[in-house]
Amino acid sequence: MKVILIQGKANTGKTTLCNRIDEWLQNNRIYELQQLISDRKNGQKSPIKEITKIEVIKQILPNNDFYAVYDIQFYDIQFSKKENKRVIINTLSDLEEITKFEDFYNNNKNNGYDIFITTIRGGGSPKKVIKEFYEKELKSISLPPKASGIINLSKNPITNVVESYAMLYYEFIPLFEKLI
């Protein structure tokens, strides 16, 4: 499993960015949008991966928080093969809420996860309970050792809709595309 940490203090846009990611995943535009960005940035085309099916299990909570599992089936046109990926997103980064996510995580982990996207608070470490949960559940993997696995909103907080889409397209999508 690969991990993407969306880090920031309270009210820096962590949940807003996760809601944009959720919208993007559910609209089946993962590779279509990424290809457009790559084409513009590099002047070259990237392989097209067409999503053929996506199933979502999502729990919506107060304050726009949520957690969700996405089972994504796609067809790689370049290599003529079908692939499946499983993505989980967690927006809970508050101490009193993490137990709800633990139950959801454990109830849905029987098929494993390929990518784990989660918010964390502050300058590098989540609160104690969240950290203990991540260490306990994810001890078999390494958290990303490089800053490329972390989107730090403390340095560049999201303050409006335009910034949330910019963060999605220019920070998250290139990182996600490398991992998927």
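This note sets out points on the fold, the cores and selected side-chain pairs of the structure above.

1. Basis of the model. The structure is a predicted model, in which local features need pLDDT of at least 70 and side-chain atom pairs count only at pLDDT 80 or more, while totals for chains, interfaces and linings use all residues. Residues are numbered from 1 along each chain as its sequence is written, and side-chain values use heavy atoms, with hydrogens and water left out.

2. Overall fold. The protein has five helices and six strands, arranged from the N terminus as β-α-α-β-β-β-α-β-α-β-α. These elements are DSSP runs numbered from the N terminus, helices being H or I of at least four residues and strands E of at least two. Of the contacts with a separation of 6 or more, 65% join residues 24 or more positions apart; contact means heavy atoms within 4.5 Å.

3. Burial. Of the 180 residues, 44% are buried. Buried means under 20% relative accessible area, exposed means over 50%, and partly exposed lies in between, with a 1.4 Å probe and protein chains only.

4. Nonpolar cores. A nonpolar core is a set of buried Ala, Val, Leu, Ile, Met, Phe, Trp, Tyr and Cys residues joined through side-chain atoms within 4.5 Å. The largest has 28 residues, and Ile117, Phe172 and Phe176 make the most contacts inside it. At least two residues of this core come from each of β1 (2–8), α1, β2 (49–60), β3 (66–76), β4 (81–90), β5 (115–121) and α5. Helix α5 gives the largest share, six residues. A second, separate core of 13 residues includes Leu5, Ile88, Phe104 and Tyr105.

5. Aromatic pairs. The whole structure contains six aromatic pairs. Rings of Phe, Tyr and Trp (its six-membered ring) pair if their centres lie within 6.5 Å; planes under 30 degrees apart count as stacked, over 60 as edge-to-face and the rest as tilted. Trp24 and Phe172 form an edge-to-face pair, because their ring centres are 5.8 Å apart and their planes stand at 85°. Trp24 belongs to helix α1 (residues 14–26) and Phe172 to helix α5 (residues 161–179), so the pair ties together parts 148 residues apart in sequence. Both Trp24 and Phe172 are buried, and together with Phe176 they form one aromatic cluster.

6. Lys58 and its partners. There are five salt bridges, each defined as a side-chain nitrogen of Lys or Arg within 4 Å of a carboxyl oxygen of Asp or Glu. One joins Asp22 and Lys58, whose closest N and O atoms are 2.6 Å apart. Asp22 lies in helix α1 and Lys58 in strand β2, so this pair ties together parts 36 residues apart in sequence. Asp22 is buried at 6% relative accessibility, whereas Lys58 is partly exposed at 31%. The charged end of Lys58 also sits over the ring of Phe66, 4.6 Å from its centre; this requires NZ of Lys or CZ of Arg within 6 Å of the ring centre and within 35 degrees of the ring normal.

7. A salt bridge between strands. Asp71 and Arg86 form a salt bridge with closest N and O atoms 2.5 Å apart. The pair links strand β3, which holds Asp71, to strand β4, which holds Arg86, 15 residues apart. Arg86 is buried at 6% relative accessible area, and Asp71 is partly exposed at 26%.

8. Arg20, in helix α1, is buried at 15% relative accessible area. Leaving aside neighbours within four places in sequence, Arg20 contacts Val161, Ser164, Tyr165 and Leu168.
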